[in-house]
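Dear colleague,

Please find below the structure that I am handing over to you. My notes on it follow directly after.

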Amino acid sequence: MLGFRPYAGAMICQRALILSLAVLTCLTGCAFGGNLRVEPVAVTAQKPSNVALFVAVSEHGHSVLALQPESFSVLENGVLLDSRQVGLTLLPTPSAVARRALLLVDMSRSLDDAQRAALESSLRALIVKLRARQIVSLYAFDGSEHVHYICDYAKDARAEPDEKDTSMQKLLSFSRSDASSSLYSAVLEATHKLDASLSADKLPIGLGTMIVIAQNPDLAGRASEEAVRSAIDAAHHQYFLVMVGPWSTDKDIAWLGKNGAVRAGSLNTMLEPLQGVADQIDEASFRYYLVSYCSPARAGTRQLELRVTTSDEQGKKSEGSYRTDFDATGFGPGCNAQSVPRFPTTKSP
């Protein structure tokens, strides 16, 4: 299942991340001009005449929050459709979307009691914030060939830091078997594990996030920089990197955090930058919208344009749009826009 390469994409035109349906013939849609960026995550058109788009809406890199159905409109072949006539609505996203975060912690350095305490408090706060909206998996790595599973944390919007949580002790008592640091191979393996977790959730859309806490650059050399860069570019997950220690100003690995990279001088000063990453992830979760309507088309290929329009307190408008094509062959009456769309299940490459 695909996670989505979200938010920060610089491309004006990108491919909708979806396997083809028989009724969906054009998957190369484009985000067009305007203040708003409307990015497709998945698009589906299915009988009797249901059309649905799962999109991310942002402005200057920030999520556009709390949009109502009135902010969305659709055109087919250049004709603006009556939103009431086609039943245009916004559906809740959890019915079609799996969300997971994977926290990958570098344990290749020997830590004293103060450092362990600082790491524990920072991670507890991060995990609590992340699991409010998604399942969180915790892994550790050192110089070994494989990453080490620590714990899964269930989604829980009311979770609080739990000092009695023994899973954190499992991480803090981690005994490194290799004092090297195999950062690159750990990121590659963790990417595959995040793919597998999203796929196991059996929902058609997967939104994955990886947060890497690195206390060393890659020292083991099991995987090349080129291989890791290619894997991150190809993956449809968010990647955030927290570089801890003075080495981080000497070795440029910020590219590992394609959605955000921050530095901390030590574990004792990591809390604030780590919370900044958590805030970015949390804020980004509000940019997703699942738009559904009943197409009046009954045959042929249709050009679909989704427009998004907002106004600020001064009445200044912001606009953005996305276009793609779909095949309406066999469409007919009986559509219910409130039905949960059957997006095709997608698999990570």
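The notes below concern a sheet, a helix and the cysteines.

This is a predicted model, in which local features need pLDDT of at least 70 and side-chain atom pairs count only at pLDDT 80 or more, while totals for chains, interfaces and linings use all residues. Residues are numbered from 1 along each chain as its sequence is written, and side-chain values use heavy atoms, with hydrogens and water left out.

An open sheet of 6 strands runs in the order β11-β10-β9-β12-β13-β14, with mixed pairing. Its edges are β11 (148-153) and β14 (260-264), each of which pairs on one side only. Strands are DSSP runs of E with at least two residues, and helices are runs of H or I with at least four, numbered from the N terminus; two strands pair if DSSP finds at least two bridges between them.

Within the sheet, β9 (residues 97-106) and β10 (residues 135-141) pair in the parallel sense over 7 bridges. The bridge partner of L102 in β10 is S137. Helix α6 (residues 271-284) packs on the sheet and touches β12 (205-214), β13 (237-244) and β14, contact meaning heavy atoms within 4.5 Å. The direction of α6 makes about 170° with that of β13 (axes are lines fitted to C-alpha atoms, for helices over the stretch in contact; angles run from 0 to 180 degrees between N-to-C directions).

A search of the whole structure finds 1 disulfide (a pair of cysteine sulfur atoms within 2.5 Å). C294 and C335 form this link, with their sulfur atoms 2.0 Å apart. The link is left-handed, with -80° about the S-S bond.

Yours sincerely
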